[in-house]
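Reader: I'm new to looking at protein models. Could you show me how to read one, feature by feature?

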Amino acid sequence: MQITILGGGGFLGRKLAARLAREGSLGGEAISGLTLFDLHAPPAMEAPFPVRCLGGDVADPEQVAAAIPDGTRVVVHLAAVVSAQAEADYELGMRVNLHGTLAVIEACRRLATPPRVVFTSSVASFGGGQEARLEDDARQLPGNSYGAEKAAAELLLQDASRRGMLDAVSLRLPTVIVRPGRPNKAASSFVSAILREPLLGLPTELPVPEEFAVWICSPRRAVDWFLHAMAMDTAPLGLDRGINPPGRSATVGKMLSALESVAGPEARALVKPVPDAAVEAIVGGWPASFTAERARRLLGFSEQESLEEIIQGFIEDDLAATRAERGL
Ligand SMILES: NC(=O)c1ccc[n+]([C@@H]2O[C@H](COP(=O)([O-])OP(=O)(O)OC[C@H]3O[C@@H](n4cnc5c(N)ncnc54)[C@H](O)[C@@H]3O)[C@@H](O)[C@H]2O)c1
C-alpha cells in the first residue's frame with residue numbers, strides 16, 4: 001500500500017510517519033512505500049519500506065501530482081497555514097488552505113483508483129464560543145478565515161467523494177496538546193505553552209482566564225484517529241464526510257492542576273496571567289465542547305486519555321527532543 005502525507009514534515013505528520021514506520025502495515029496490509037511532502041523536504045527516516053521525501057508547495061498542482069503518483073491508496077492532507085497566520089495573511093491562507101486542497105483533489109481524481117483522503121479540518125471551523133456544546137449536525141459558522149477555509153475544503157472533498165473522485169474522511173481536530181518545540185503562530189499556541197514551557201523550566205504567559213475551556217486531544221490520540229480514518233469502512237459516513245472526533249473539554253485551570261500534580265507547584269508557578277485580547281478574540285469563538293456521539297458510538301474513534309496522562313505522554317515522547325532542539 002502506497003501512502004502520501006502532505007505536510008509530512010510538521011508536528012502531526014512526523015508523528016504519523018514514525019508510527020507507520022513502527023507498524024509497517026495499515027489495516028492489516030503491508031505498506032509498500034511512503035511519500036512525505038512539505039515546503040522543505042522532510043528529513044530521511046528509517047522505515048521497513050521506501051520513504052520519498054519531497055519539498056514543494058501544496059498549492060502547486062504539478063508538485064502535488066508528483067507527490068501523489070498513480071498507485072497511491074491513501075493521502076493524508078495535513079499541509080496548512082495555521083489559524084493566526086491565516087487570519088493575518090488572507091492571501092497566504094486562501095492559497096494554501098483552500099487552493100492547496102483543490103490541488104489535492106485535482107491530483108487524486110487523475111489516479112486510476114480513487115484514494116482515501118484523510119483531511120484535517122478543525123474545531124475552528126465552528127463558532128459558538130465558551131457556552132457551546134455542539135451536536136454532530138451543528139452548522140459550521142467559522143469566526144475566522146482559517147476556519148472558513150477548512151469548512152470550504154471539507155465541502156469540496158465531500159463533493160469529490162460523492163462524485164467518486166476520492167474517498168474523503170475529514171477530521172475536525174481539537175487543539176492538540178502538548179505541542180513540542182517552540183510556540184507557533186496558531187492562536188491556540190498558549191494551550192500547549194502553559195504545559196510545555198514549565199516542563200522545560202521556562203516561564204510563560206496565560207492570555208485567557210483560568211475558567212476558559214478548550215476542546216483538546218493528545219498527539220497520541222490524533223495519530224490513532226488518523227490510522228483509523230485511513231483504513232475505516234466509509235460506507236456508514238454516507239454523504240457526510242466531516243467527523244467530530246471524541247476530544248476532551250478542559251478548562252485552563254484543570255490543565256494547570258494536572259501540571260501541578262505531574263510536575264509540582266513550582267511548574268505551575270511559572271505560568272503568569274497576562275490577558276491578550278487578540279488571542280481571546282480568536283479562540284473565544286471556538287466551541288469548548290462537542291457531543292461527538294457519531295465518532296464514538298458509530299464510527300469507533302478512540303477516547304482521550306486523562307490530562308495527567310496527556311502531560312506524561314509529552315514527557316515520554318517529546319520533552320528530551322524539545323530540550324535538544326531548543327538548546328536547553
Ligand atoms: N495541531 C493542532 O492543534 C491542530 C488542530 C486542528 C487542526 N489542525 C490541522 O492539522 C494539520 C496538521 O497540524 P500540525 O499541528 O501538524 O501543523 P504543522 O504546522 O506542524 O504542520 C503543517 C505542515 O504544513 C506545511 N505547509 C505549510 N504550507 C505549505 C505549503 N504551501 N506547501 C506544503 N506544505 C506546507 C508546513 O511546513 C508544516 O510542516 C493542519 O492542517 C492543521 O490545520 C491542527
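This is a predicted model: local features need pLDDT of at least 70, side-chain atom pairs count only at pLDDT 80 or more; totals for chains, interfaces and linings use all residues.

Reader: Is arginine 196 buried or exposed?

Author: The general idea is to look at relative accessible area, where under 20% means buried. Arginine 196 has a value of 1%, so it is buried.

Reader: How many residues of helix α6 are buried?

Author: Eleven of the eleven residues in α6, which runs over 189-199, are buried, so the helix is largely enclosed by the rest of the structure. Among them are Ser189, Phe190, Glu197 and Leu199. After α6 comes glycine 201, with a positive phi near 80 degrees.

**Another helix**

Reader: How do I read a helix like α1?

Author: Here's the general idea: an α-helix has 3.6 residues a turn, so residues three or four places apart point the same way. Now the case here: α1 covers residues 11-23, which makes 13 residues. From first C-alpha to last, α1 reaches 19 Å, close to the 18 Å expected at 1.5 Å a residue.

Reader: Which residues of α1 are buried?

Author: The buried ones are Phe11, Leu12, Gly13, Lys15, Leu16, Ala17, Arg19, Leu20 and Ala21. Just after α1, glycine 24 takes a positive phi of about 75 degrees.

Reader: Which residue other than glycine has a positive phi?

Author: First, the background: most residues other than glycine have a negative phi, and most peptide bonds are trans. In this model, alanine 292 has a positive phi, near 55 degrees. You'll find alanine 292 in the loop between β16 and α11, and it is buried, with a relative accessible area of 0%.

Reader: And where is there a cis peptide bond?

Author: Look between isoleucine 177 and valine 178, where omega is about 10 degrees. Valine 178 belongs to the loop between β10 and α6.

**Rings that meet**

Reader: How many aromatic pairs are there?

Author: The count comes to two aromatic pairs. Take phenylalanine 126 and phenylalanine 290: their ring centres are 5.2 Å apart and their planes are at 75 degrees, so the pair is edge-to-face. Phenylalanine 126 is in the loop between β7 and β8 while phenylalanine 290 is in strand β16, so the pair ties together parts that are 164 residues apart in sequence. Both phenylalanine 126 and phenylalanine 290 are buried.

The other pair, tryptophan 215 with phenylalanine 290, is tilted, with 5.3 Å centre to centre and 45 degrees between the planes. Tryptophan 215 is in strand β12 and phenylalanine 290 in strand β16, 75 residues apart, and their pair links distant parts of the chain. Tryptophan 215 is buried, as is phenylalanine 290.

Reader: Which residues do the ring pairs link into a cluster?

Author: The cluster is Phe126, Trp215 and Phe290.

**A pocket**

Reader: What can I say about the second largest pocket?

Author: Ask about its volume, its lining and the elements behind that lining. The volume of the second largest pocket is about 270 Å³. Its lining has 15 residues, and Phe190, Glu205, Pro207, Asp276 and Val279 lie nearest the centre. The elements giving two or more residues to this lining are α6, β11 and α10. By class, the lining has eleven nonpolar, two polar and two charged residues.

**Along the chain and across space**

Notes. Residues are numbered from 1 along each chain as its sequence is written. Side-chain values use heavy atoms; hydrogens and water are left out. Helices (H or I, at least four residues) and strands (E, at least two) are DSSP runs, numbered from the N terminus. The expected span of a helix is 1.5 Å times one less than its number of residues. Buried means under 20% relative accessible area, exposed over 50%, partly exposed in between (1.4 Å probe, protein chains only). On a 1 Å grid over the protein atoms alone, a cavity is a set of points where a 1.4 Å probe fits but cannot get out, and a pocket is an open set with protein on both sides within 12 Å along at least five of seven lines; lining residues have an atom within 4 Å of a point. Grid points are joined across faces, edges and corners, and a volume is the space filled by probe spheres set on the points. Ala, Val, Leu, Ile, Met, Phe, Trp, Tyr, Cys and Pro count as nonpolar, Asp, Glu, Lys and Arg as charged, and the others, Gly among them, as polar. Rings of Phe, Tyr and Trp (its six-membered ring) pair if their centres lie within 6.5 Å; planes under 30 degrees apart count as stacked, over 60 as edge-to-face and the rest as tilted.
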